[in-house]
Amino acid sequence: MPLQRQPAHPRLGELISRFVRDSYPRDTAKHVARRWGVSATTAANVVKGHVSIPTLTKALAAEGWGFWDKIGAAVTGETYAQFEERALLTVIEKADHARSKLGEARARRAALDPELWLHPGS
């Protein structure tokens, strides 16, 4: 099997199969073939959980961000919104830590006696 036809994630085919069966409970393969612009054989394979990278690309183009978010959440365990919030909270925590360190450095500088380091040995 050529590299480009292998699924990107071991469970990806299973997750996409579940998505299409939930989205199109009746005549699933027919809906997939029509909506994604794939052959009937490819659509039947999708329903069985076999998805190639080219088919995944067509699915993303046809289904849009909702598809990407559902599949991404199933693979990673979090939605994009949750990922984004976690990343932003990390940035905020790092900024708070840097502010704290800056405050400590200012306090140390303020505590220094300028006469001692301006005129050493006096």
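Colleague: Before we begin, what should I know about the pLDDT limits and the numbering?

Modeller: This is a predicted model, in which local features need pLDDT of at least 70 and side-chain atom pairs count only at pLDDT 80 or more, while totals for chains, interfaces and linings use all residues. Residues are numbered from 1 along each chain as its sequence is written, and side-chain values use heavy atoms, with hydrogens and water left out.

Colleague: How many helices and strands are there?

Modeller: The protein has seven helices and zero strands, and along the sequence the pattern reads α-α-α-α-α-α-α. Helices here are DSSP runs of H or I with at least four residues, strands are runs of E with at least two, and both are numbered from the N terminus.

Colleague: What share of the residues is buried?

Modeller: Of the 122 residues, 22% count as buried. Buried means under 20% relative accessible area, exposed means over 50%, and partly exposed lies in between, with a 1.4 Å probe and protein chains only.

Colleague: Which residues have the most contacts inside the largest nonpolar core?

Modeller: They are I16, V20, V32, W36, V46, F67 and I71, in a core of 17 residues. A nonpolar core is a set of buried Ala, Val, Leu, Ile, Met, Phe, Trp, Tyr and Cys residues joined through side-chain atoms within 4.5 Å.

Colleague: Which helix gives the most to this core?

Modeller: Helix 1 does, with five residues. At least two residues each come from helix 1, helix 2, helix 3 (40-48), helix 4 (53-63) and helix 5 (65-76).

Colleague: At what angle do helix 1 and helix 2 pack?

Modeller: Helix 1 (residues 12-23) meets helix 2 (residues 28-36) at an angle of about 100°, and their axes are 9 Å apart. Helix 1 is therefore roughly perpendicular to helix 2. Axes are lines fitted to C-alpha atoms, for helices over the stretch in contact, and angles run from 0 to 180 degrees between N-to-C directions. Angles under 35 degrees count as roughly parallel, over 145 as roughly antiparallel, 65 to 115 as roughly perpendicular and the rest as oblique.

Colleague: Which residues make that contact?

Modeller: On helix 1 they are I16, V20 and R21, and on helix 2 they are T28, V32 and W36. Contact means heavy atoms within 4.5 Å.

Colleague: Where is D27?

Modeller: D27 sits in the loop between helix 1 and helix 2. Its phi is near 50°, a positive value in a residue other than glycine. With a relative accessible area of 47%, D27 is partly exposed.

Colleague: How do helix 1 and helix 3 cross?

Modeller: Their axes come within 7 Å and cross at roughly 105°, so helix 1 and helix 3 are roughly perpendicular to each other. I16, S17, V20 and R21 of helix 1 make the contact with V46, V47 and K48 of helix 3.

Colleague: What about helix 4 and helix 5?

Modeller: They pack at an angle of about 125°, with axes 6 Å apart, which means that helix 4 is oblique to helix 5. L56, A59, L60 and E63 in helix 4 meet W65, G66, F67 and W68 in helix 5.

Colleague: What does F67 touch beyond its neighbours in sequence?

Modeller: Leaving aside residues within four places in sequence, F67 is in contact with I16, F19, W36, L56, A59 and L60.

Colleague: Is F19 buried or exposed?

Modeller: F19, in helix 1, is buried, with a relative accessible area of 10%. Apart from neighbours within four places in sequence, F19 contacts E63, F67, K70 and I71. F19 and I71 are 52 residues apart in sequence, yet 8.0 Å apart in space, C-alpha to C-alpha.
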